[in-house]
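Have the viewer open and follow along.

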Amino acid sequence: MDWKNAALWFENARDVSKEQGFVTMECNLCSMLGSAIWQTVRCSEAVEPHRRALRVAQSVREDDASHDRASLEQAALRGLVEALCQRDGHCEEAEALVTRLREVGGNTADCQLWNHYLRGVVQMQRQNFQAAAEAFRAAVAVAEKHPAVLQDPNSAGALKSAKVNLKHCGVGAGGAPPRSTIVRMVEKARVSRDWAGVLRWESRLEDLLTLSEAGHPTLIESFAVANLNQGHFAKAASLFQRLVQLLGKLECFAEQGADMCLVGECFVRLDDAQGAGTWYQKARKLGEKHGCYAVECSASLGLGRIEFYIHNRMPEAEELLRHALSVLDFVEGQDETLERDIKHELAKVLLQTDRYEEAGPLIQRLCELAERAGADPFNMVVTLQLAVRFQVRMGDVEQAAKEMQALEDAFTRVPEGVQKASCKLLLERARSRFQ
């Protein structure tokens, strides 16, 4: 299922339901939106729709016979607890919500199953695996005693998750799962992009690496990528450098070069332009030496960005970006992300130096790439902001107005979160230029 598009439809339907005063539908769509966002592995952004579902449910008067407040509140509480348990530092709130769920649902078999299951989820987040295992066993026992509860697909799903989690709670030394189980949990968390779930086990990294099946660079890479995505750039840089050394010994040059570029990215985020440039230069030389064109291309892009954004040296930036673009032709099996990034930066350099006619074909290609990328709203905003700037500078007011309208429409589809804040800045710049 295309969860990204599903989330957009749920969001639009939720807004319509609110406008029409359909409380039950609005509440259900908020929960569905949260679940869809969670499926797109943006776990941190899934909390707010579930919070909104709970607010809507609790706004229903208890004597309002037209709405089943108890059922709406229970569904909202279940979704919110699961969403909170995907983020660190929310266990106490999640535990209080489980208590509230028990108060609202009473002592029905369905409510018992959910209470035990969610209590187990909270205990897993706390890394109290013995208590989690007991809670999951209790959930399974309720389902075995009252099989009718499984007629509800949501309750059947909770039971299935309880059984899966029960296997992960196989208790080893010190009340923690065996190392082999932890490795599987880390792999699962990485696949689902649950970075908090990966970092939960970072303190065990050295111990996990002693397992023969865990000694592969993939395990170190999981923690490095998780740290990068969570904003722990110094730690991520350290782990990627460790990977660079290990992959060099294994003569995995393409992977080694890619991780060199990631070290460079970490140093950029740490405002260390010199350190970033050093690592990008290493990656570029490695790519040239071993014919790793994707590495050479990415490293040249990184160096070009440093010259453009940090040193404000346009000729040097343009030379590096054009080199990256020429190497791109030799990259096999690449998606269009690299092409988009290079052409976007080169177009900005050309606009900055008032070479609009040269920038035109690049911007046109960027618009094509944005549409082919499934109309991802974030990419559309980034691209259309550049297109508005170009059309305004060229004096084509009519085309600029069309691009501006498309930009406004794309912005409304960007989900709430960090990307929304970035897009708002781009939108405001485009508006100021257009006016």
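A quick definition before we start: buried means under 20% relative accessible area, exposed means over 50%, and partly exposed is in between, with a 1.4 Å probe and protein chains only. Keep in mind that this is a predicted model, where local features need pLDDT of at least 70, side-chain atom pairs count only at pLDDT 80 or more, and totals for chains, interfaces and linings use all residues. Residues are numbered from 1 along each chain as its sequence is written, and side-chain values use heavy atoms, with hydrogens and water left out.

Rings first. Rings of Phe, Tyr and Trp (its six-membered ring) pair if their centres lie within 6.5 Å; planes under 30 degrees apart are stacked, over 60 edge-to-face, and the rest tilted. On that basis there are four aromatic pairs. In one of them, W114 and Y117 have ring centres 5.8 Å apart and planes at 80 degrees, so this pair is edge-to-face. Both residues belong to helix α6 (residues 109-125), three residues apart, or about one turn of the helix; helices here are DSSP runs of H or I, at least four residues, numbered from the N terminus. W114 is buried at 6% relative accessible area, and Y117 is buried too, at 4%. Ring pairs also bring in F136, giving a cluster of W114, Y117 and F136.

Now the charge pairs. Call it a salt bridge when a side-chain nitrogen of Lys or Arg is within 4 Å of a carboxyl oxygen of Asp or Glu, and the count comes to 23. Take E93 and R51, whose closest N and O atoms are 2.5 Å apart. This pair links distant parts of the chain, with E93 in helix α5 (residues 91-105) and R51 in helix α3 (residues 47-58), 42 residues apart. E93 is partly exposed at 29%, and R51 is partly exposed at 24%.

What about E73 and R100? Their salt bridge has its closest N and O atoms 2.9 Å apart. E73 is in helix α4 (residues 69-84) and R100 in helix α5, so the bridge ties together parts that are 27 residues apart in sequence. Here E73 is buried, at 1% relative accessible area, while R100 is partly exposed at 31%. D207 and R204 also meet in a salt bridge, 3.0 Å from N to O. Shared partners join R69, E73, R100 and E103 into one salt-bridge network.

On to the interior. A nonpolar core is a set of buried Ala, Val, Leu, Ile, Met, Phe, Trp, Tyr and Cys residues joined through side-chain atoms within 4.5 Å. The largest has 86 residues, of which V81, Y117, F136, F223 and F240 touch the most other members. Apart from it lies another core of 26 residues, among them V349, L351, A359 and L362.

Last, the cysteines. A disulfide is a pair of cysteine sulfur atoms within 2.5 Å, and the structure holds zero of them. For C261, the nearest cysteine sulfur is that of C297, 9.6 Å away.

Conventions. Helices (H or I, at least four residues) and strands (E, at least two) are DSSP runs, numbered from the N terminus.
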